[in-house]
Amino acid sequence: MRLRIIVFVITASALFPVGGSMIRERSVDGVSSVRDLGMGGASVTLADDASAIFSNPGLMPYISRTCFTFTVDPGPIEANGDYRCLGAFVLRDSDMEWAIGVGAKGDMTLDVPRYNDSDVALAPYNYGDFTASIGGAFSAYETYIGIVAKGYYTMIDAGETYWGAALDVGIARSIFLKGLLLGVAVKNLGVYYNNAFFSLDTKITAGIGFRSEGRFAIGLNLTYALPSTDIDFAIGGEYRVYSFDAKTTATNEEYLARGVYVRVGMNRTSPSIGLGIYIWQVRLDYALFTDSYTSIGLNHSFGLSFLL
């Protein structure tokens with residue numbers, strides 16, 4: 001679940017240390033799939049589409065099918081000019097032994113206001129934060145292991161650009177029951193950004209989740225960031241309220257059965273709700289969430305996944 005605190009709107013100097021502190025994450029890292037947003041970000045064990053390449057690469061062989069996922073986030077309902085999008089494709093083999101994937105996502109804000117020290121309005125500027133990812137995953141001794149290489153590109157108008165690179169690593173393993181999963185994702189491992197190593201946080205997320213044969217799913221994530229020592233959590237799930245399938249359970253090839261799903265989630269920042277409609281080989285998703293627990297500003301996202 002992304003943090004809706006737009007730290008970049010002050011000036012480009014937000015990319016550098018100010019008063020002994022450093023902006024420890026890029027806004028694009030908070031761009032998530034709509035299904036993930038609707039469940040509060042509890043996706044380290046629950047990702048079931050191509051966005052697994054971002055949330056936990058180790059889950060790529062575990063998704064229902066080879067999948068293309070696309071998300072559009074038009075930003076706050078009452079405002080314009082703040083756009084986020086995500087696209088990913090994951091190809092997995094029929095035996096769920098390996099998978100490869102590619103993905104890209106971006107966070108673009110147009111006409112960002114800025115002021116000088118005397119609070120006089122200056123010409124607005126445009127901001128863009130983008131990342132592209134490529135990676136793979138495999139199964140070894142009933143454990144799924146994935147690794148993704150990604151590149152960062154940040155643009156402030158046309159005159160200031162910054163770039164970087166990092167690795168994301170993820171593992172997932174079923175324990176005790178078929179649908180009970182443990183997962184760990186390490187993001188921004190060995191990160192290099194703006195000509196410096198470790199200039200962004202490395203985030204370690206551990207989670208546990210349970211999927212009940214297409215009927216419901218529930219998960220809990222805990223995240224610890226280094227070196228900022230920031231701590232976050234996410235809990236959420238989905239429930240199938242109506243089934244389009246004649247059979248009562250899903251097959252291994254189609255772990256989440258067709259139907260209508262409602263979702264709910266929460267994290268340290270805000271609550272969320274969502275809706276998913278899975279029909280034929282297409283899933284339509286919608287998520288609605290607030291800026292924070294103390295804000296009534298609403299944000300929403302739309303998603304589309306094709307399961308091949």
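Is E25 buried, exposed or partly exposed? E25 is partly exposed, at a relative accessible area of 27%. On this scale, buried is under 20% relative accessible area, exposed is over 50%, and partly exposed is in between, with a 1.4 Å probe and protein chains only.

Some housekeeping. This is a predicted model, where local features need pLDDT of at least 70, side-chain atom pairs count only at pLDDT 80 or more, and totals for chains, interfaces and linings use all residues. Residues are numbered from 1 along each chain as its sequence is written, and side-chain values use heavy atoms, with hydrogens and water left out.

Salt bridges come next. The term stands for a side-chain nitrogen of Lys or Arg within 4 Å of a carboxyl oxygen of Asp or Glu. Searching the whole structure gives 13 salt bridges.

E25 takes part in one of them: its partner is K203, and the closest N and O atoms are 2.7 Å apart. E25 sits in the segment before helix 1 (34-38) and K203 in strand 9 (residues 202-211), so this pair ties together parts that are 178 residues apart in sequence. Helices here are DSSP runs of H or I with at least four residues, strands are runs of E with at least two, and both are numbered from the N terminus. K203 is partly exposed too, at 25% relative accessibility.

Now a buried case. D49 and R283 meet through their side chains in a salt bridge, at 2.5 Å from N to O. D49 is in the loop between helix 1 and helix 2 (52-55), while R283 is in strand 14 (residues 282-290), so parts 234 residues apart in sequence are tied together. D49 has a relative accessible area of 2% and is buried; R283 counts as buried at 4%. Both residues belong to a network of salt bridges that links R35, D49, E238, R263, R283 and D285.

Another bridge joins R84 to D107, with 3.2 Å between the closest N and O atoms. R84 is in strand 2 (residues 82-92) and D107 in strand 3 (residues 98-115), 23 residues apart, and the pair links distant parts of the chain. R84 is buried at 4% relative accessible area, and D107 is buried at 0%.

On to the rings. Rings of Phe, Tyr and Trp (its six-membered ring) pair if their centres lie within 6.5 Å; planes under 30 degrees apart count as stacked, over 60 as edge-to-face and the rest as tilted. That rule gives nine aromatic pairs. One of them is Y152 with Y193, edge-to-face, 6.0 Å centre to centre and 80° between the planes. Y152 belongs to strand 5 (residues 143-156) and Y193 to strand 7 (residues 180-193), so the pair ties together parts 41 residues apart in sequence. Y152 and Y193 are both buried. Ring pairs also link W163, Y192, F197 and F198 into a cluster.

There is also a charge over a ring, meaning NZ of Lys or CZ of Arg within 6 Å of the ring centre and within 35 degrees of the ring normal. K105 lies over the face of F54, at 4.7 Å from the ring centre.

Next, the nonpolar core: a set of buried Ala, Val, Leu, Ile, Met, Phe, Trp, Tyr and Cys residues joined through side-chain atoms within 4.5 Å. The largest has 36 residues, of which A52, I53, L59, M60, Y62 and V90 touch the most other members. Two or more residues come from each of helix 2, strand 2, strand 3, strand 4 (121-140), strand 5, strand 6 (160-174) and strand 7. Strand 5 gives the largest share, four residues.

T202 is in strand 9 and is buried, with a relative accessible area of 15%. Leaving aside neighbours within four places in sequence, T202 is in contact (heavy atoms within 4.5 Å) with V186, K187, N188, L189, Y224, A225 and L226. The C-alpha atoms of T202 and Y224, 22 residues apart along the chain, are separated by 8.5 Å.

T202 also has a polar contact, a term for a pair of N or O atoms within 3.5 Å; within protein, one must be able to donate a hydrogen and the other to accept it, and residues adjacent in sequence count only if both atoms are side-chain atoms. Here a polar atom of the T202 side chain lies 2.8 Å from the backbone oxygen of N188.

Which backbone nitrogen does the side chain of N267 reach at 2.8 Å? That of T269. The N267 side chain also reaches the backbone nitrogen of S270, at 2.9 Å. N267 is in strand 12 (residues 259-267) and is buried, at 3% relative accessible area.
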